[in-house]
Amino acid sequence: MSNPSNGSQGSANHGSPGSAGGSHPGLAAIRSLALVGPAGAGKTTLVEALLHQAGAIATPGSIERGSTVSDNDPLEKRMQHSLQASLLHMQHGGIRIHAIDTPGAPDFTGQSLPALEAADTAVVVINAQNGIELMASRLMDTAKARGLCRLVVVNRIDAPGVKLPELLEQLRESFGRECLPLNLPAGNASRVQDCFFSREGEADFSSVAAAHQALVEQVVEVDSDFVDRYLNEGDVDPRELHAPLEQALREGHLIPVCFCSAKTGAGVAELLDVIERLLPNPGEGNPPQFLVGEGPEAQPLQIAPDPEAHVVAHVFKINADPYLGKLGLMRVHQGTLKRGAQLFVGHARKPFKVAHLFMLQGKEHVEVDQALPGELCAIAKVDELQYDAVLHDAQEDEHIHLKPLEFPVPVHGLAITPARHGDEQRLWEILMRLVDEDPCLKVERTGTTNETVVYGLGELHLRMLLDRLRETYKFEVNTQPPRIAYRETISSPAEGHFRHKKQSGGAGQFGEVYLRVEPLERGGGYQFVDAVKGGTIPGQFMPAVEKGVRAAMESGVVSGNPLVDVKITVFDGKHHSVDSKEIAFFTAGKRALMAAVREARPLVLEPIVQIEISAPDHAIGDITGDLASRRGQVNGTRSTVPGMLTVQGLAPLAELAAYQNRLNAMTSGQGRYTVALSHYEAVPPNTQSAMVSAYRSQEEE
């Protein structure tokens, strides 16, 4: 195994798969894990401890010193938090473990969720001091929906004041009674005691014998033959339970819980043994959720982890290095991916050659000859690569794709302009690279204001983007205050008409359009219907009409925000045999739509977000009162850990500007919150009047 170095970014070691730990032991000896969980759970420290225990590094790195293998980006070192998903690998007991260390802050969900597409097991790390936080619940739900085996690791078991028996019961209440401990803390949390292979021993709480019995009973329930043996003999040797154990993990009938302290090393060696002896290899986990075909017609497709079949691999992350170019991180799902192979990207007709194949150890690139199903690897300098792309070596696989993840919608906006005039194109190119890396970033150019607007999941998300622009790409920008992603719609049907006629000496321009607009339900999107009869608008001009309609929708009509949830039917018009041109019908379509919308009782819509606020219970009264003053509503509260409550509700995003500062004041800095887009609804009438007046004044200028 190549040890991580402190050398230059992207250093590479060369060799066979053995450069990551000797000759490859085969498919059965592969494990792939995604370490996920809330910020502060200790995922990065745990990865360091695992790497050290497995002999991959001589000394565990430190987040405080900025010496960890995974948090190698300068921004991560300064923030002392993971901002990107990072790949690592290690050898233990004859198996190769691929691990993905992920950030835990909700703003970086675009890094943590895709990691679940690349792993057979989701390792959800819980901070014993903080209990079950919102991100842990969300990630457990997503892992379950993706069919992943799940393992809960309770970290920091030696922290002062932790109540591990209560936390274990909360895990069972929150995630199901199938959460059972594989081991228990012992020796005042200085070590752990195995409960699966051992029937007796001392533990700090509970009973090893009782935990062993519960585990065996839970596992044998999935296999009637073992149930009979258990009832007749009173116990079953756990070493015989491999097949039913894997079935229980696949079906979610068992969610093992392990205890550890990554700082002291308690339970780390035992966790490595659990990964080796109990967690699934690529042939034992649930198959990935591949589909063939597009849209509603897509059908499930079985992809088998067969090293001899044709290659199917999925890109779950893009790294856009300013010096090394684009790096695609992928999981091989089928076949054996070899250096020098010819691969297609999705629908592409032209293959590319895999010049170099890497396994990543943080920032270090370890060159390998091949990767088997279940392995995580990377390909560099292929511009066609993008997140969610499927790579294959057979053109009949061009319509294969993985079932899409449901990402939170980015709703926090920031207008960005380059500090130096003339750098607009370079700004756009850099932003596109950053969007390639993060599915939860979105960039738009606003036609009405000629602004470039970046949307993210929160203030931290956008702040880190600005820091990367300045520190990684050395690009200075100016920003405007955060923008809210308002939308426009209509509330009644109406008709619009516009005749575009222009004569300037030579050939003129002529196009006339009659259209009707009708509201669709929220989220209905956009429908364009050509109902013209008799050739009053020749067919070759209808695309120009639709382009004009779309242009008006993008720029907005009454407030300068995009128009949504509307059906547009073009039902009549006129043309001229000589003067009619595409530009004329583009203009007529655009202006006809604007005329119709103004008569259709237009509404300005604002994003309403689901908000979850975690705070000390003594501050809940202030929080709920403050939320109500911000046009919010509280839907409920729930207890997380003793002394803390989570408030769940809805609020207009526009009312939550700088909300963390307000929350800090109400909770003495102990409050945290997350938001996710819920729906759009109309702004109050006085707000709409002000927005319409401001937009009208801007147009007149």
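Colleague: Which strands does helix α12 lie across?
Modeller: Helix α12 (residues 542-555) lies across β31, β32 and β33, and its direction is about 155° to β32. Helices (H or I, at least four residues) and strands (E, at least two) are DSSP runs, numbered from the N terminus. Contact means heavy atoms within 4.5 Å, and the angles, from 0 to 180 degrees, are taken between N-to-C directions of lines fitted to C-alpha atoms, for helices over the stretch in contact. This is a predicted model, where local features need pLDDT of at least 70 and side-chain atom pairs count only at pLDDT 80 or more, while totals for chains, interfaces and linings use all residues. Residues are numbered from 1 along each chain as its sequence is written, and side-chain values use heavy atoms, with hydrogens and water left out.

Colleague: Thanks. And what does helix α13 lie across?
Modeller: Helix α13 (residues 582-598) lies across β30, β31 and β33, at about 35° to β31.

Colleague: In what order do the strands of that sheet come?
Modeller: The order is β30-β31-β33-β32, which makes 4 strands in an open sheet with mixed pairing. From one strand to the next the twist averages 25°. Two strands pair here if DSSP finds at least two bridges between them.

Colleague: How many bridges join β31 and β33, and are they parallel or antiparallel?
Modeller: β31 (residues 509-519) and β33 (residues 566-574) are antiparallel, with 8 bridges. To find one on screen, look at V513, whose bridge partner in β33 is G573.

Colleague: What aromatic pair links those two strands?
Modeller: That would be Y514 and F571: the ring centres are 6.3 Å apart and the planes are at 45°, so the pair is tilted. Y514 belongs to β31 and F571 to β33, so the pair ties together parts that are 57 residues apart in sequence. Y514 is partly exposed at 26% relative accessible area, and F571 is also partly exposed, at 24%. Rings of Phe, Tyr and Trp (its six-membered ring) pair if their centres lie within 6.5 Å, and planes under 30 degrees apart count as stacked, over 60 as edge-to-face and the rest as tilted. As for exposure, buried means under 20% relative accessible area, exposed over 50%, and partly exposed in between, with a 1.4 Å probe and protein chains only.

Colleague: How many aromatic pairs does the structure hold?
Modeller: There are 6. One of them is F196 with F197, with centres 5.0 Å apart and planes at 80°, so this pair is edge-to-face. F196 is buried at 1%, whereas F197 is partly exposed at 25%.

Colleague: Switching to β3: why is it described as largely enclosed?
Modeller: Because 7 of the 7 residues of β3 (residues 86-92) are buried. Both faces are covered, with S86, L88, M90 and H92 buried on one side and L87, H89 and Q91 on the other.

Colleague: How many bridges join β3 to β4?
Modeller: The count is 7, and β3 and β4 (residues 95-101) run antiparallel. Q91, for instance, has R96 as its bridge partner. The two strands form a hairpin with 2 residues between them, and G93 in the turn has a positive phi of about 55°.

Colleague: Where does A189 lie, and what is its phi?
Modeller: A189 is in the loop between β8 (183-186) and β9 (191-194), and its phi is near 65°, positive although the residue is not glycine. Most residues other than glycine have a negative phi. R601, in the loop between α13 and β34 (602-616), also has a positive phi, near 50°. A189 is buried at 7%, while R601 is exposed at 57%.

Colleague: What does the side chain of T667 reach?
Modeller: The T667 side chain reaches the backbone nitrogen of G671 at 2.8 Å. T667 sits in helix α15 (residues 659-667) and is buried, with 0% relative accessible area. Leaving aside neighbours within four places in sequence, T667 is in contact with A615, P616, A619 and I623.

Colleague: Last one: how many residues are in the largest nonpolar core?
Modeller: It has 97, and L46, V154, L171 and F259 have the most contacts inside it. Helix α6 (residues 208-220) gives the most to this core, with 6 residues. A second, separate core of 34 residues includes V549, V558, A596 and M691. A nonpolar core is a set of buried Ala, Val, Leu, Ile, Met, Phe, Trp, Tyr and Cys residues joined through side-chain atoms within 4.5 Å.

Notes: A polar contact is a pair of N or O atoms within 3.5 Å; within protein, one must be able to donate a hydrogen and the other to accept it, and residues adjacent in sequence count only if both atoms are side-chain atoms.
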